[in-house]
Amino acid sequence: NSCFYAPMFALTASDYVNLYGFTLFGSSGTGVVISGSSNINTYGFDVTQSYGTGINVENNKNVTLTDTHIWDNKRSLPEKKYVGGGGLQISYSDNILVKNLTLHQNWGEGFNIGRDSTNVVVKNSKFWENAHTNILMNHASNTLIDSNLLFCTGDRHDWFTLNKLKDNTPS
């Protein structure tokens, strides 16, 4: 990735696209951006160590994300005391299906569903040890969260220590 802060992979203004089996590692910006598109199917992504959000789905209709692993995406600005960068973010989108995803150890939300997104279904996915929250819904409507597993392993202090960040969680 030669452009600082640019996504490693961007799909914009596209229709009827199928994407299979991507591995994205070490983006200096967002890992994957899907924007202004419709009828998009993704399957088998592995997205890790993006400086920003792992996958950002914005201003889309009819998107399916299946069998994807999103982990260890982070943004760190120690001089501003900021550590963030989530796993998956959906905004301004309609009719989104997310199933069989694994999202863990992202430095922001594991999954942020919001900003006027509608008709989002999240099924059979696993979320754990995301630094802010596993699933955040903010200004979302007609959303179904069905048969998912959300948990914390209890090793968050060790996780922060290993990554040399200050852990402000209570003991």
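This report walks through the overall build, the nonpolar core, the aromatic pairs and one methionine of a predicted model.

## Ground rules

Because the model is predicted, local features need pLDDT of at least 70 and side-chain atom pairs count only at pLDDT 80 or more, while totals for chains, interfaces and linings use all residues. Numbering runs from 1 along each chain as its sequence is written, and side-chain values use heavy atoms, with hydrogens and water left out.

## Overall build

The protein has 1 helix and 19 strands (DSSP runs numbered from the N terminus: H or I of at least four residues for helices, E of at least two for strands). Of its 171 residues, 43% are buried (buried is under 20% relative accessible area, exposed over 50%, partly exposed in between; 1.4 Å probe, protein chains only).

Take the contacts (heavy atoms within 4.5 Å) between residues at least 6 apart in sequence: 49% of them join residues at least 24 apart.

## The nonpolar core

In soluble globular proteins, nonpolar side chains tend to be buried together. Here, the largest nonpolar core has 26 residues, and Ile55, Leu88, Val98 and Phe111 have the most contacts inside it. (A nonpolar core is a set of buried Ala, Val, Leu, Ile, Met, Phe, Trp, Tyr and Cys residues joined through side-chain atoms within 4.5 Å.) Strands giving two or more residues include β2 (15–20), β8 (61–66) and β13 (94–99), but β15 gives the most, with 4.

Leaving out residues up to four places away in sequence, Val98 touches Leu65, Leu88, Ile90, Phe111, Val121, Val122, Lys123 and Ser125.

## Aromatic pairs

The whole structure holds 5 aromatic pairs (Phe, Tyr or Trp rings, the six-membered one for Trp, with centres within 6.5 Å; planes under 30 degrees apart are stacked, over 60 edge-to-face, the rest tilted). Phe22 and Phe45 sit 4.9 Å apart, centre to centre, with planes at 45 degrees, so this pair is tilted. Phe22 is partly exposed at 23% relative accessibility, whereas Phe45 is buried at 2%.

Phe111 and Phe127 make a stacked pair, 6.3 Å centre to centre with 10 degrees between the planes. Phe111 lies in β15 and Phe127 in β16 (residues 126–128), so the pair ties together parts 16 residues apart in sequence. Phe111 is buried at 0% relative accessible area, and Phe127 is buried at 0% too.

## A look at Met137

Met137 sits in strand β17 (residues 135–141) and is partly exposed, at 47% relative accessibility. Beyond residues up to four places away in sequence, Met137 touches Ile113, Thr143 and Ile145. Met137 and Ile113 are 24 residues apart in sequence, yet 4.8 Å apart from C-alpha to C-alpha.
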